[in-house]
Amino acid sequence: MRFNDGYWLIKDGVKPYYGLQLVKSVEIDDSLHLQVSSKPIRHRGDTLAGPVFDVKFHSPTEGIIGVRITHFKGIRPVTPEIPLFPNATPEPSNVSISIGEKPSISTGGLTAAINPKPYSFTFSANNRVITTCHPKSQFIADVAHRWTTTSASSTTCLANDISANPYRTPEPATVRYIAQEFNVSPGEKFYGFGEQFGAFVKNGQRIDIWNQDGGTASEQAYKCVPFYFSTAGYGLFVNHPGEVEFEVGSEKVSRVAISIRGEQLEYFFISGSTPLEVLSRYTLLTGRPALPPLWTFGLWLSTSFLTDYGTETVTGFLEGMKQRNCDVRVFHLDCFWMKQYEWCSFTFDPENFPNPAEYLSSIKEKYGVKICLWINPYISQFSPLFDEAAREGYFIKRTNGDVWQWDLWQPGLAIVDMTNPAARQWYKSKLVALMDLGVDSFKTDFAERIPHMNIKYHEDKYDSYAMHNMYTIMYNQLVHETLEERYGKGGAVVFARSSFAGGQRFPTHWGGDVESTFEGMAETLRGGLSLTLSGFAFTSHDIGGFEGTPPAHVYIRWLAYGLFSSHSRLHGSESYRVPWVYGEEAARILAKYLNAKHRLMPYIYAQAIAAHRLGYPIQRAMLVDFIDDRTAHCLDQQYMLGPSLLFAPVFGDDNHETEYYLPAGTWTAYTPLLGSGKPRVVRGPRWVKEVVPLSEIPAYVRAGSVLALGPSDMKKPDYNLAEGVELRLYHPELGKTAACEIPSGHGAEIAATVTVTSDESQVVVKVVQGSLGGWGVRLFEDPTLKIDGVVGATLDGSGEECVNHGGILFRADSGVTEVIIRRTINPVTV
């Protein structure tokens, strides 16, 4: 919301009340409570009227300070509330509070210090000011309605479509807002706010936290999250389920502003020594992701959306993929597994799938696939389920008692009321019946266009504006928990499009409807990087794009980006995404990348476990790992996959000259790139500009990494991850110890922990916990390397020089837990 006319003037029809002076501070139950007057107090007469704000500073866990600003305390809280600490325990917070002339509160190196007159405060970490709330930066404002009509909740089709909102109530003349502003320091940059497809750096943007179904090429977003990350070293989460309006250096260029409608605003200021620590604390607060099953990291193949398909098509796809070594792990049936006009009926179309249980069983046995079905929470009035659900009160209703309906997407569709326990149980029963047929997962589509005007829920205390964003959480939670009940903890996965704060608990999520162009591919990457800077750990997208048919070179470039994402799905709208449609060369390239991803599963699944335990994102922006490199702050066409692997997708054909950036350090090419047999080594910081063959993607491994790879040609991701492991050591750092955890592949279980130490004369690789079977070590160091001897392993090859692609390989002797490689390095300039 913008309250000003320029910097000096207030808009006509806007009446602000600023917090100007602290009049009282008191400590209550480890919290600092302030009374802040909206006018200067010169004598007793100035205390006779408000507004006076009740401001509470508190620390729910170490390193986080919450601030709750209240105008009228008697107003009921907006519900449903965002769950805090839903699946983790707060860390004990050693809170220190000072009252008196300059009150303050501290926790874990983070301090909020209040200046009484004029009222302002700073947040500092380890004696460094992170940001400031300047005078007149905390306020309420009564705003003429005409200034509120540009908000997302006002401009949406849900507010203006005659079917969505036929019985309109008069708008109020004035709307009450409550707002908070913080300083924007020179060079400070902001990220996150959920899955945003516009410019990656959010400075200068106005962002409304209001889920909408707008594709990837608009300012609308499927997964809005009221959280941002700042390069100043903090994150900020607004604890409000409804619409939150952010002005990120857009109304006032030196301020980031937060505003909501209402009488109370709460936010949490989250500190951390690194971006990962900030994200870990944020996900402790709002929820850590469930650990997806190992099989979900394989290749997902879809029927596509509007294409013709039945049992013959599905079998043909699976057979063609198998013959081309592009083994599918999950087969997804999109909308038309049900009859047209009946979505959702939760019943297979008998014309295309006459015996679904028998057919699903046969393809699961023959091709080793899991089955995913498309669903949504909408019920067409032509669905055989509509009358029952309407009669029993399972739908969202208008305030006059009618079922809420409109024609967008399906004729006369209604929306299941997820606040109604009986409706949830009814919906759940439909999913259970499908799992009885052999279904393993559900693509939980839609849930963005949830009405908010003149409607009511079964749970009548819930605010309709809050439910607009929170609905998707309830929907995905219901489906995820239903799968968990059948398949156990660690056995459930949804493939969701919409989400909100806390939705990271129910992975995984894909990027929505994207055009089949390089521009669309770039939009998807920006959206994914923003999402993983908002607490989400797992991401996916439609490889090749959704809208339109991609040219072969777009499809092939997208394969590399898609296979080196946490989850990989081939899906389109009016055209198929099986690779031979784009030429047999595309199939060969897909097979290569798929085998590479399968080999990476010990590494990738270790990152998934870290995400589950700590909230660390797998696919993430460069700044997450290189926050001290200012060049990394703006990079949105490349990413890290975990802490060790860098990928730079190419957004052009085989003549395109791509450009990517390697931060400081030694980087070893994971793929040959230029077809050379030698392991390419580049020393950063450096920009690399080159033409990359269609069959390659720039991919590099960071120096000091211990990269665990599984065997080649496993054909699937879910194998024994601790058997046949190849530990790749990339330029071990002298005098340091690196550690690597090897998962077993069974939930979060760690099969072995390996340490690597290096000095001038030797590298020692040791299994310090657990055990590995049939393992080896591959050493990458400077090009001129003399092996003086090895203990506990056998040298595979001559080992005279590190010139063969893939470094020097040592096979560990049977039963050993330690390998010692003695070598002489003669460094050369690369």
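**Rings, charges and a pocket**

Start by selecting Arg569 and Trp510: the charged end of Arg569 sits over the ring of Trp510, 4.9 Å from its centre. Keep in mind that this is a predicted model. Next, pick Arg497 and Phe446, where the Arg497 charged end sits over the Phe446 ring, 4.5 Å from the ring centre.

Now for rings against rings. The whole structure holds 59 aromatic pairs. Phe305 counts as buried because its relative accessibility is 13%, while Trp409, at 28%, counts as partly exposed.

Then jump to Trp343 and Trp374, an edge-to-face pair at 5.5 Å centre to centre and 65° between the planes. Trp343 lies in the loop between strand 23 and helix 5, Trp374 in strand 24. Trp343 is buried at 4% relative accessibility, and Trp374 is buried at 0%.

For a whole cluster linked by ring pairs, select residues including Phe57, Tyr119, Phe182, Tyr228 and Phe269.

Last stop: the second largest pocket, with about 600 Å³ of space. Centre the view on Tyr603, Gln607, Pro643, Ser644 and Ala739, the closest to the pocket's centre among its 23 lining residues. Colour helix 12 (601-614) too, as this helix gives the most to the lining, 8 residues. By class, the lining splits into 15 nonpolar, 4 polar and 4 charged residues.

Technical notes
Residues numbered from 1 in each chain as written. Predicted model: local features only at pLDDT ≥ 70, side-chain atom pairs only at ≥ 80, totals over all residues. Heavy atoms only, no water. 1 Å grid on protein atoms, 1.4 Å probe; cavity = no way out; pocket = protein on both sides within 12 Å on 5 of 7 lines; lining within 4 Å. Points joined across faces, edges and corners; volume = space filled by probe spheres on them. Helix = DSSP H or I, 4+ residues; strand = E, 2+ residues; numbered from the N terminus. Nonpolar A, V, L, I, M, F, W, Y, C, P; charged D, E, K, R; others polar. Phe/Tyr/Trp six-rings, centres within 6.5 Å; stacked < 30°, edge-to-face > 60°. Buried < 20%, exposed > 50% of the residue type's maximum accessible area, 1.4 Å probe, protein only. Lys NZ or Arg CZ within 6 Å of the ring centre and 35° of its normal.
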